[in-house]
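Please read these notes with the structure open beside you, and take the points in order. Each one picks out something to find in the model.

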Amino acid sequence: MPQVITVLVVEDEPLIRMDIVDQLEDLGFVVMEAGNASEAFAILAIRSDIQVMFTDIDMPGGMDGLKLAAAVRDRWPPIKIIVTSGLREIAIEDLPDDSRFFTKPYAGRAVASAMREMVD
């Protein structure tokens, strides 16, 4: 039986967030949701079981997804990070170590597969 992976999805567009959360839950993941970096930090501060963060780059507020990814890598190094964007193409060297990038629109199964690979 595959291990249950706990994921934090950080996405400011409610419909996009709801869609990926539903897909990941249907594939057996435990999913927390945040609409911006502040909400993500609040969740990360109280949930020690989060193994993967899946974040959009372009979000409102003072911190975009790339800055959030760098901050999470510094503060919670074990958390695996996947960054996504429909507006930008990101070079791997612009991401924290051992992170991945998905262009929108992405396939939920492909994201789930990457998460499982990263956690294993």
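1. A residue counts as buried when its relative accessible area is under 20%, as exposed when that area is over 50%, and as partly exposed in between. At 25% relative accessibility, Q23 therefore counts as partly exposed. Please keep in mind throughout that this is a predicted model.

2. Where does Q23 lie, and what is it in contact with beyond its neighbours within four places in sequence? Q23 is part of helix α1, which covers residues 14–26, and, once those sequence neighbours are left aside, its contacts are with A107, G108 and R109. Although Q23 and R109 are 86 residues apart along the chain, their C-alpha atoms are separated by 7.7 Å.

3. Turning to the chain as a whole, the protein has 4 helices and 5 strands, and these follow one another along the sequence in the pattern β-α-β-α-β-α-β-β-α. Of the contacts with a separation of 6 or more, 62% are between residues 24 or more positions apart.

4. The radius of gyration of the protein chain is 13 Å, which agrees with the value near 14 Å that a compact globule of 120 residues would have. Taken along the principal axes, the box filled by the C-alpha atoms is roughly 40 × 30 × 25 Å. Of the 120 residues, 48% count as buried, and the accessible surface comes to about 6300 Å², with 52% of that surface belonging to carbon and sulfur atoms.

5. In helix α2, which spans residues 37–46, the residues A37, A40, I43 and L44 are buried. They cover an arc of only 125° around the axis, which puts them on the same side of α2. The other side of α2 carries the exposed residues S38, A45 and I46, while the buried residues pack against β1 (6–10), β2 (30–34) and α3 (65–75).

6. Which residues of α3 are buried? They are G65, L66, L68, A69, V72 and R73. Seen down the axis of α3, these buried residues fall within an arc of 160°, so they line one face of the helix. K67, D74 and R75 are exposed on the face turned away from that buried side. The cover over the buried residues of α3 includes β1, α2, β3 (52–56) and β4.

7. Two places in the backbone deserve a careful look. The peptide bond from K104 to P105 is cis, with omega near -5°, and P105 is located in the loop between β5 (100–103) and α4 (108–119). D98, which belongs to the loop between β4 (80–85) and β5, has phi near 60°, a positive value in a residue other than glycine. At 64% relative accessibility, D98 counts as exposed.

How values were computed. Residues are numbered from 1 along each chain as its sequence is written. This is a predicted model: local features need pLDDT of at least 70, side-chain atom pairs count only at pLDDT 80 or more; totals for chains, interfaces and linings use all residues. Side-chain values use heavy atoms; hydrogens and water are left out. Helices (H or I, at least four residues) and strands (E, at least two) are DSSP runs, numbered from the N terminus. The radius of gyration is taken over C-alpha atoms; the globule rule is 2.2 Å times the number of residues to the power 0.38. Buried means under 20% relative accessible area, exposed over 50%, partly exposed in between (1.4 Å probe, protein chains only). Contact means heavy atoms within 4.5 Å. Accessible areas come from the Shrake-Rupley method with a 1.4 Å probe; for residues, only the protein chains shown count as cover. The arc is that of the directions from the helix axis to the C-beta atoms.
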